[in-house]
Every structure is written in C-alpha cells, then in structure tokens.
Amino acid sequence: MPRRSLSLAAAALLFLSAFRAGPLAAQITADEYASRRAALAAALPSDGVVLALGGEEPPEDFLSFWQRPNFLYLTGLREPSAAMVLVRRGGRTATTLYVQPRDPAREVWTGSRLGPDGAAALTGAGARLRGELEPALDSLLGGGLPLYVAGGLSAVAREDVPPTVEDLLVARLKKRHRALRVASVAGQLAAMRGRKSEAELALIGKAVAITVDAQRAAMAAVRPGMNEFELQALIEYTFRRNGADRPSFATIVGSGPNATTLHYNADDRFMEDGDMVVMDVGASYRGYAADVTRSVPVNGRFTPEQRAVYQLVRDAQASAERQATLGATKQLLADSAAAVIAAGLAKLGLIEAADATYDCAEGGGAERCPQYRMFYMHGLGHGIGLEVHDPDQYDRSRIAPGSAFTIEPGVYVRANLLQILPDTPRNRAMIARIRPAVERYRNVAVRIEDDYVATERGVEWISRAPRELAEVEALLASPRTDGIAARDSAKVQWYRATEAGRSDRGGH
Ligand SMILES: [Mn+2]
C-alpha cells in the first residue's frame, strides 16, 4: 500500500543474494517482551512512570478486537481493556499490567479472560485489576514522578479531532495532580520498533509467504468478467486458511479506471477485457504485516502500452533494489527509482523531459513540481511490522540489520489527469504537448511492491511472487485452478444485474 509521499520519500532495498534466512522460531518470547520494556526504561529521559493503554473492546458492534501496536509490542497481551505501567525510579524498574477480572458468568459472552494471575503467568510481569489503574497512578504521580505516555497523545488540541483515550486519562490526572509533567515516548518506541528482532523478522516472513501465495492464486484466477470482489475473496481466503489473522489493511483490487486510485478498496467492479488490475494486498500474521502489490492484465496478455509502463515501473524498482544495501539511505533508493521513472515517462511522451516541471500550486501560486510526479505521486516505500506503515530505522538513518520495508514504485495514467491540473498558461502549453500520450496510456496503472528484510548478511527480497513480464504472463496463462465458481453463480449474475454499489471511481 503506498504511503502518502513525504517529499520523495520512499524506501527500499534488496538483494543480497539467494540465501534465505534459516528457519527461525516464529514466536516472541516473554523474555523478549521483558527486554523491550527494559530498553524503553533505559531510553527514558529521566525516572518516571510509563503508561501504555491497550485497546478497548469494540462497544456493541461485535467487530473483531485487535490490540494497539505499542501495547502489543511491550506486553504481547492481546486482551481488550488492559494497561501497562512501568515505573523507573532510582535505578530500578518494575512493570505492572492492569487487566479485566476473571468472570465466568461474563465469559459466557466474551470468552475467557486471563485475569491478573493469568496475565502475570503469561508475561512474567506483575498484574492487577484494571479498576486499580487510576488509584495506582495517583499514588505514583503524587510522589512527583513525570508521566511518559506510550503514544496516543494528540499532537494538537483541535475541536474537530476527538481526544484519544490517553488525552482523556491525562486530563483526569492533571485535575488531581496540578504539577504533573507529561511527555510522549512514541519517538523512543518508534526507534525501537524500527529495528526488528529475529523473531519479528520471522513473523514478517510468514506474513509475506502467505501473501505471495495469495498473489499467485489471484494471478492464476483472474479473467475478464470476474468481479474485483471475487479476487478479493480468493486473496483473503488464502490468507486465513494459511493461518493469517486478517488482512493487514483493506485489500485493494482495482481494475480499469480504479487501478489509478491509490487506496481504492470498494472492490466491486466487473473487470473487462483490456483492463489492468492492481492488487495491493497483505496478510497480518500474529500481528505482523506484509504488503505486496502485483499489477496484471485481466485478459492475461499485456498490451504494448501496458507492457511499456510495466517494464518502466519494474526497472525503477530494480534500480532501487540495487541501491538497497546495508548502510544505504532511504533517499538514495527513492532518488534512484525516481530518476528511472522520470526518464521513462519522458521517453513515452507522458512528460516533456525528465527534469521538466509544471505549476502544481492549487491556488495558482508559483510552486513548480517535477512533471513525473503527475504519474508517480507517492513515496517509494515504507517500513513494515506491527503496522503496515511501520517505523523503520532507515526513516532516521540507514538500512541496517533489523530493517524490514517495501519498495513500491508506480505509474498511474488517470483518465482525468489533464482536467485536475491547475489552469495556468505554462500548464496549458504542457498539456497540449502530452495530451496524445495521456490519451494513449489512459487507465494504464502499474504498481509493483515487494518486501525486504535486512540481516547481518545483507538485504534480502522475500516476496517472491512472479513479477517479470514473461513470468507474469506465464502464470496468467496457466490452467485455472482457483476453484471459484462464483463468477457463474446465480448470485453474482444477480449482483451484476442490479449493478449495486458498482464503483468506477477512476474518473472517466
Ligand atoms: Mn505499501
């Protein structure tokens, strides 16, 4: 999934050869969680009280519960309505978890709870009832210790942004402790989470392997006349039947005009002969995210226009991969991919020259942007981990052992592109020159996204789903083995007849 561009941002990497990491225990031990808490305690600016709040049970709507990432990172606890308090004072640290009580009558509805004893046994930390959290904080903070909140504090107080649970709790505490000092340790946690342990890399590898299976299944199944939701179903079925928790973000299956919408996820259009379909998907495995994109022609054969754009994007990705070595900066990768895309777009006539610019200020100001950004408007990549857009150490410094990230260049020729540019004399002149190419490549959209991990041995490409033109076409041409009969089912026929909710949002 592309991240809104931070300047040219992006990321990347790759390679180091063919040796795959050996099998690692895909589980995180209680000792590892304890060492994360110790590392956080050591990273605090002073003695103090660290508060991490877990997620609350979804009220009344019976949606699935997923733990909040920072709390999960520090405790491994997946129960709702839990909290962690870590106290660092005079060279000693102590952690206490606050959890819901065992309640056999209530567990008829909710399933079993750990209770304090269960939570203590699972984590090795102390554990008490959640109801005791605020009295315990009152007692600690009354002694003058500062409060360090593990993320979640609103950066700005704005009426249109609802307060977080941390905001509400801190507001209550401040009423009772007028001199309370509060700071966020989200930055320290991001730095820690940006360097994955071996166990974390193994979990990411598992999520990625499942996602690769799903991409292969989707490529083998796609054909004109299917609905996007049939591919979505096949992909998410493949996730779950291989033990993934869930998709790590809303599954993107965008065909035809929808392929040009970066975060399209309505996934309900019938795919047509001649369309490209962009499938940007990721499994979450024990909380760890994969993120892999493939873009293929629905009918199995690239048109010359689709082929040209596909090869350009693949070349850009390969260029970034060559730069992706231990010690490389994110910017180096991003610049390398951008240079390939800019040169390629110029060759296709979609921009005037590799270094050409256009008027990009919405209000008609003087700001100029590179023309290639009209077709490649997101970052090159991002870290992956507990979140699909996770911190990585290369955000702050360089690729190093423990990095895990994506490289995902893309080119999108949106049908209405020339109508949404600021109307200025220079833009009008540019539009006159590029209009024929924009018409020719209309609705061609390609994103290729792969996942990489770095170890002491170097950077490794781990999402090995087919991606070269010839291997993609070979898989698309293989006998259909998906077993999806839904395309011909009465229910999909009925759906087609009603056109309910059909999305063609790419802008004709
Ligand atoms: Mn992504």
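In this predicted model, the axes of helix α8 and helix α13 (residues 469-476) come within 7 Å and cross at roughly 65°. On the α8 side the contact is made by Arg 216, Met 219 and Ala 220, and on the α13 side by Val 472, Leu 475 and Leu 476. Sorted by class, the residues of this contact are five nonpolar, no polar and one charged.

Strand β9 (residues 276-281) is joined to β12 by six bridges, and the two run antiparallel.

The next pair of helices follows along the chain. Two packed helices are described by the angle between their axes and the distance between the axes. For helix α10 (residues 304-323) and helix α11 (residues 330-348), the angle is about 155° and the axes are 8 Å apart. Angles over 145 degrees count as roughly antiparallel, so α10 and α11 are roughly antiparallel to each other. Their crossing is right-handed.

The residues that meet here can be picked out on each helix. From α10 come Ala 308, Leu 312, Asp 315, Ala 316, Gln 317, Ser 319, Ala 320 and Gln 323. Facing them from α11 are Leu 332, Leu 333, Ser 336, Ala 337, Val 340, Ile 341, Gly 344 and Leu 348. By class, this contact has ten nonpolar, five polar and one charged residues.

Another open sheet of three strands has the order β15-β18-β19, again with antiparallel pairing. Here the edge strands are β15 (404-407) and β19 (458-461), each of which pairs on one side only. From one strand to the next, the twist averages 30°. Four bridges pair β15 with strand β18 (residues 450-455) in the antiparallel sense. Within this pairing, Thr 406 stands opposite Asp 451 in β18.

The domain assignment gives domain 1 (30-191) and domain 2 (197-498). The centres of the two domains, taken over C-alpha atoms, are separated by 37 Å. Six residues from domain 1 and seven residues from domain 2 take part in the contact between them.

Which elements supply the side of domain 1 that touches domain 2? Helices α2 (69-75) and α7 (186-193) each supply at least two residues of that side. The largest share, three residues, comes from α2. By class, the side of domain 1 that touches domain 2 has five nonpolar, no polar and one charged residues.

Technical notes
Residues numbered from 1 in each chain as written. Predicted model: local features only at pLDDT ≥ 70, side-chain atom pairs only at ≥ 80, totals over all residues. Pairing = 2+ DSSP bridges. Domains from an automatic or database assignment. Contact = placed C-beta atoms within 7 Å. Nonpolar A, V, L, I, M, F, W, Y, C, P; charged D, E, K, R; others polar. Axes fitted to C-alpha atoms, helices over the stretch in contact; angles between N-to-C directions. Parallel < 35°, antiparallel > 145°, perpendicular 65-115°, else oblique. Left-handed = near helix turned anticlockwise from the far one by under 90°.
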